[in-house]
Amino acid sequence: MAVPRNVQPLFMVSRNVIAGAALLLLGVASCSEPAHSPGIESVSYTEDQLATMYTTMCAICHGADGKLGNAGATDLASSTLDLQARIAVITYGKGQMTPFNGRLTEQEIAALAQYIESFRE
Ligand code: HEC
């Protein structure tokens with residue numbers, strides 16, 4: 001008896017499903033925190049990644065150079081807050097500034113808090 005013709009198409013469908021599941025897993029893995037929850041120091045970002053993060057999340061109020069002052073935003077170039085205090089403001093928000101916990105990971109917030117020090121003169 002011959003092998004039914006529909007074996008091959010069925011196999012291809014299931015391969016596509018597996019490929020789809022793999023893609024989904026990749027997507028989930030790339031936007032959630034790593035399972036082993038590394039300390040803040042063990043995650044690093046390139047200058048480019050931080051610049052992009054700052055531009056998309058912060059520049060609308062603080063401006064490309066930290067000095068814009070939109071919505072009453074503090075001039076980051078003359079800010080004197082220490083790292084912990086900056087992390088707190090970014091995490092929990094302050095006044096007109098929206099909180100970023102939930103939108104950025106702890107590691108991203110810490111890295112940005114460090115990054116904006118480069119605006120200081
Ligand atoms: C919706 C506008 C807005 C956005 C977006 C925003 N901020 Fe702010 N930010 C503010 C305002 C307003 C303040 C002043 C809050 C106050 O003191 O009442 C502020 C204050 C701060 C401070 C405290 C500075 C100081 O010396 O007191 C830091 C640090 C800061 N923002 C960093 C960031 C970073 C990093 C981002 C992006 C992740 C960001 N902000 C996004 C509006 C914004």
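How close do the axes of helix α2 (residues 47-57) and α5 come, and at what angle do they cross? The legends below take this up, after a note on the model.

This is a predicted model, in which local features need pLDDT of at least 70, side-chain atom pairs count only at pLDDT 80 or more, and totals for chains, interfaces and linings use all residues. Residues are numbered from 1 along each chain as its sequence is written.

**View 1. Here α2 meets α5.** The two axes come within 10 Å and cross at roughly 90° (axes are lines fitted to C-alpha atoms, for helices over the stretch in contact, and angles run from 0 to 180 degrees between N-to-C directions). That makes α2 roughly perpendicular to α5 (65 to 115 degrees). Leu-50, Met-53 and Tyr-54 in α2 meet Glu-108, Ala-111, Leu-112 and Tyr-115 in α5 (C-beta atoms, placed from the backbone, within 7 Å). Six of these residues are nonpolar, none polar and one charged (Ala, Val, Leu, Ile, Met, Phe, Trp, Tyr, Cys and Pro count as nonpolar, Asp, Glu, Lys and Arg as charged, and the others, Gly among them, as polar).

**View 2. Here α4 meets α5.** The axes of α4 and helix α5 (residues 106-115) come within 9 Å and cross at roughly 125°. From α4, Leu-83, Arg-86, Ile-87, Ile-90 and Thr-91 meet Ile-109, Ala-110, Leu-112, Ala-113 and Gln-114 of α5. Seven residues of this contact are nonpolar, two polar and one charged.

**View 3. Over residues 18-33, pLDDT stays under 50.** This score is the predictor's confidence in each residue, from 0 to 100. The chain averages 81.

Notes: Contact = placed C-beta atoms within 7 Å. Helix = DSSP H or I, 4+ residues; strand = E, 2+ residues; numbered from the N terminus. Parallel < 35°, antiparallel > 145°, perpendicular 65-115°, else oblique.
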